[in-house]
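This report goes through one model, taking a helix, a strand and its partners, the nonpolar cores and a pocket in turn. The sequence and structure come before the text.

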Amino acid sequence: MSRKGLTLVEAIVVIIVLVVLVALFLPVHRGAPHAARRMQCGNNMKQLVLGLQNYHDIFLQLPYGARSRTTSDNDERSFGSSWIVATLPFCEQRPLFDKVYGIDLADPANDYASDAVRQLALNAKIKYLLCPSSQLPEMQQAGGFSIVLPSYAGIMGATEHSGMDITAIDQYQRIVVGPFGGHAAANGMLPINESLKFEDCKDGTANTIIVGEVSDWYYDNKGTKQNPALSAIDPQSKGRIPGGWLAGTNLDFKVEKDGKPVPADRVFNLITLDQSVGTNNRGGIKDGHPNWGTSGVGRCGLNNPLLSAHPAGAMVGFLDGHVLLLTKQVSPHIVKRLAIRDDGGEIPDF
């Protein structure tokens, strides 16, 4: 005679097995979307780095990290293009680049912070400039035009670190005062008004980062969210140029006045690494992190940290083309050494 149904004990065993299976499956299921977003962020970073590499292959040098602009009709410097603009043709954005470059040539007034240039980028949501995990706004109003707000910044270098050999390399002549009491460096691979070659990377292309993520909120000591993206426009800042992702700088990094370097306070889309990965001042004064508007951290602050919505750290792209997640546990010393192209010596595993 065959049995009908399950006994109570058998039913309990089946339920327990199902509960265990659900418990094992749910963490994987919940983590899958985030893993996919982080992978897409890595792909975005890869596209940017490959764009820089392809630029180098064609022109035998990297683009300026940020450049100023002069014309034969106007000897005064105005805003030139960012490194992002230079990579457009190599990231499947050739039509947009042609339009921007064409209007640049058409009129000396059309610099890269002008309405004429921003008009061309109106509402163009360039997806590879946006981390899918970021909670920051994807678009911003720049001079009345809606343009994309990139999640990524070029690495212009780092401030000094312990063990830096300043006798062999004159590091301090390549670090000048930046906004909010911070510093701008020219010891990385995307400096201001300077175009470098791979051979200038003395520490090796696999040991030098060139692009990093700045795609999550920073907090001031009052707990207010602040946007640390390197082209972000603060509507409260009167008289500030709304540069956006198109603009580079209107400064000459090498110009000196009275023997002192000119402060690099008008630079977009670049950072000089000084803080730990993931520094966000979420705990306010208790954290001991720089308050917004101090120590180089602020609106387009040149010392804004590598920061992302990925739980473990921030994505970075290396000059040789590989991309990885730089975790929050990596010491600031190592982070700075990865940003400097020629501080010498081997970088330990991180």
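## Helix α5

In this predicted model, the buried residues of helix α5 are Ile 334, Val 335, Lys 336, Arg 337, Leu 338 and Ala 339. The helix spans residues 332-339, and because six of its eight residues are buried, with under 20% relative accessible area, α5 is largely enclosed by the rest of the structure.

β14 pairs with strand β8 (residues 209-213) in the antiparallel sense, over three bridges. In that pairing, Ile 209 stands opposite Phe 318 of β14. Strand β15 (residues 323-327) also runs antiparallel to β14, and five bridges join the two. Here Val 316 stands opposite Leu 324 of β15. β14 and β15 make up a hairpin, with four residues between the strands. Gly 321, in the turn of this hairpin, has a positive phi of about 105°.

## Nonpolar cores

In soluble globular proteins, nonpolar side chains tend to be buried together. The largest nonpolar core in this model contains 45 residues. Trp 83, Leu 88, Ile 210, Val 211, Trp 245 and Leu 270 have the most contacts inside this core. At least two of the core residues come from each of α1, α2, α3, β4 (145-148), β5 and β8. The top contributor is α1, with five residues.

Leaving aside residues up to four places away in sequence, Leu 88 touches Gln 93, Arg 94, Leu 96, Phe 97, Ile 126, Tyr 128 and Trp 245.

## Largest pocket

The volume of the largest pocket is about 670 Å³. Its lining consists of 32 residues, and Arg 67, Ser 81, Tyr 101, Asp 104 and Tyr 112 are the ones that lie nearest the centre. By type, the lining residues divide into 17 nonpolar, nine polar and six charged.

Elements that each supply at least two lining residues are α1 (8-59), β1 (66-71), β2 (74-82), α2 (83-87) and α3 (94-106). The largest share, six residues, comes from α3.

How values were computed: Residues are numbered from 1 along each chain as its sequence is written. This is a predicted model: local features need pLDDT of at least 70, side-chain atom pairs count only at pLDDT 80 or more; totals for chains, interfaces and linings use all residues. Side-chain values use heavy atoms; hydrogens and water are left out. Two strands pair if DSSP finds at least two bridges between them. Buried means under 20% relative accessible area, exposed over 50%, partly exposed in between (1.4 Å probe, protein chains only). On a 1 Å grid over the protein atoms alone, a cavity is a set of points where a 1.4 Å probe fits but cannot get out, and a pocket is an open set with protein on both sides within 12 Å along at least five of seven lines; lining residues have an atom within 4 Å of a point. Grid points are joined across faces, edges and corners, and a volume is the space filled by probe spheres set on the points. Ala, Val, Leu, Ile, Met, Phe, Trp, Tyr, Cys and Pro count as nonpolar, Asp, Glu, Lys and Arg as charged, and the others, Gly among them, as polar. A nonpolar core is a set of buried Ala, Val, Leu, Ile, Met, Phe, Trp, Tyr and Cys residues joined through side-chain atoms within 4.5 Å. Contact means heavy atoms within 4.5 Å.
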